[in-house]
Amino acid sequence: MAGSTYGNRFKIMTWGESHGEALGVVVDGCPAGLELCEEDIQKLLDRRKPGQSKFTTPRKEADKVKILSGVFEGKTTGTPISMVVFNTNQRSGDYSEIAGYYRPGHADYTFDAKYGFRDYRGGGRSSARETIGRVAAGAIALKILDSLGITLHAYAKEIGGIAIDYEKFDLQAARENAFTMPDKEAAAKVEAYATQKIQEGDSIGGIIECVVEGMMPGIGEPVFDKLDAKLAQAVMSIGAVKGVEIGDGFLAAQSRGSQFNDSFVVHNGAVCTKTNHAGGILGGISDGCDIILRAAVKPTPSIASAQETIGRDGAEREIHIKGRHDPIIVPRAVVVVESMTAITLLDLLMMSLTSRLDRMQHYFGIDPE
């Protein structure tokens, strides 16, 4: 299976299946000398692990990470970092029935069409558990970015059509409620709506917003490796994401140039803009403003109510999906969006180190004169 590797300088390769022995990631390109321990990784993994509320899958997994290589005496060595999380609570029997039919909204049919074979136990590589490796790698990227003065925070902007009120924005609240929403009142409305949908055997989707602060200008390549293009690729590679926008995004199509253009000014000796409709990226390169990214997350396809589909033999049938599933994907996907954003930013930061000769000469202590 190709396509399990992402990145150029800071490169990750995830591996493992939902109901296999374990899942993990190999991170290549991490600089030597970064203080790193399993607790650094675990903090992020704990934000995506299952079973934390009635609005996520009841599958109980501790998702304890083990660093196998690339760290010595508490610091990275510059060699590949391999990390593993063992599965401990598989119930593969819940999925034996689906071997013979295609679940609506899942990758069952497309895997069969591509490979002529599929791991039907929880979706195999197409399962959300694949994101364990992404989050483990993201924890490393986030720590490096933090050392450079760059911070990220992601949260649920909207769930089930219920959006946050920015006048009531409270990032701490997003860490305290089950929906990762920085608006307590909106979270309470979502709880009532989500409870109703669970009782009806249905699911809901939402929108995740990620804000990057402290990003320096000049990061990103101007053609195929544009910063916004790579962010879109990274976030769209998350299984449940069906759309990505930067800055005003699709609202830009309704704007006029006089409204959308961000005017440049000098503030405290630095170039900046009065507004940020572009979301911190111009021409595929960061402009120094906050990067603002949003991801549209679909409703969980595994629902308890009846659905129509066909079997592998082509015969029509009605199904009721069994198993342990998230009625809302959004809360656990927030940290995955954050992680993929961090990995992409770090990778392009590293690529930018060779974009100017004077900076290379400065790095190596060479006097151009």
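By class, how many nonpolar, polar and charged residues does the lining of the second largest pocket have?

First, the ground rules. This is a predicted model, in which local features need pLDDT of at least 70 and side-chain atom pairs count only at pLDDT 80 or more, while totals for chains, interfaces and linings use all residues. Residues are numbered from 1 along each chain as its sequence is written, and side-chain values use heavy atoms, with hydrogens and water left out.

Back to the pocket. Its lining has 13 nonpolar, three polar and one charged residues. Here Ala, Val, Leu, Ile, Met, Phe, Trp, Tyr, Cys and Pro count as nonpolar, Asp, Glu, Lys and Arg as charged, and the others, Gly among them, as polar. On a 1 Å grid over the protein atoms alone, a pocket is an open set of points with protein on both sides within 12 Å along at least five of seven lines; a cavity is a set where a 1.4 Å probe fits but cannot get out; lining residues have an atom within 4 Å of a point. Grid points are joined across faces, edges and corners, and a volume is the space filled by probe spheres set on the points.

The second largest pocket holds about 440 Å³. Of its 17 lining residues, Leu349, Met350, Ser352, Leu353 and Thr354 lie nearest the centre. Helix 8 gives the largest share of this lining, four residues, and both helix 8 and helix 9 (357-363) supply at least two. Helices (H or I, at least four residues) and strands (E, at least two) are DSSP runs, numbered from the N terminus.

Next, the core. A nonpolar core is a set of buried Ala, Val, Leu, Ile, Met, Phe, Trp, Tyr and Cys residues joined through side-chain atoms within 4.5 Å. Buried means under 20% relative accessible area, exposed over 50%, and partly exposed in between, with a 1.4 Å probe and protein chains only. The largest core has 80 residues, and Phe10, Val27, Ile41, Met83 and Ile140 touch the most other members. Helix 8 (residues 330-352) gives the most to this core, with 15 residues.

What does Ile140 contact, leaving aside its neighbours within four places in sequence? The partners are Phe10, Val27, Cys30, Leu34, Leu36, Ile41, Ile81 and Met83, where contact means heavy atoms within 4.5 Å.

Ile41 brings us to helix 1. The buried residues of helix 1 are Ile41, Gln42, Leu44 and Leu45. Down the axis of helix 1 they fall within an arc of 160 degrees, so they line one face. That arc is taken from the directions from the helix axis to the C-beta atoms. Among the elements covering these residues are strand 4, strand 7 (81-86), helix 3 (131-147) and helix 8.

Helix 6 (residues 227-236) also has a buried set: Leu227, Lys230, Leu231, Ala234 and Val235. Seen down the axis of helix 6, these residues fall within an arc of 125 degrees, so they line one face of the helix.

Now two backbone angles. Asp63 is not a glycine, yet its phi is positive, about 50 degrees. Asp63 lies in the loop between helix 1 (38-45) and strand 4 (65-67), and it is buried, at 1% relative accessibility. Asn268 has a positive phi near 55 degrees and is likewise a residue other than glycine. Its loop runs between strand 12 (264-267) and strand 13 (270-273). Is Asn268 buried or exposed? Exposed, with a relative accessible area of 73%.

Last, Val190, in helix 5 (residues 184-199). Val190 is buried, at 0% relative accessible area. Not counting residues up to four places away in sequence, Val190 touches Ile159, Ile162, Phe179 and Met181. Val190 and Ile159 are 31 residues apart along the chain, with their C-alpha atoms separated by 6.7 Å.
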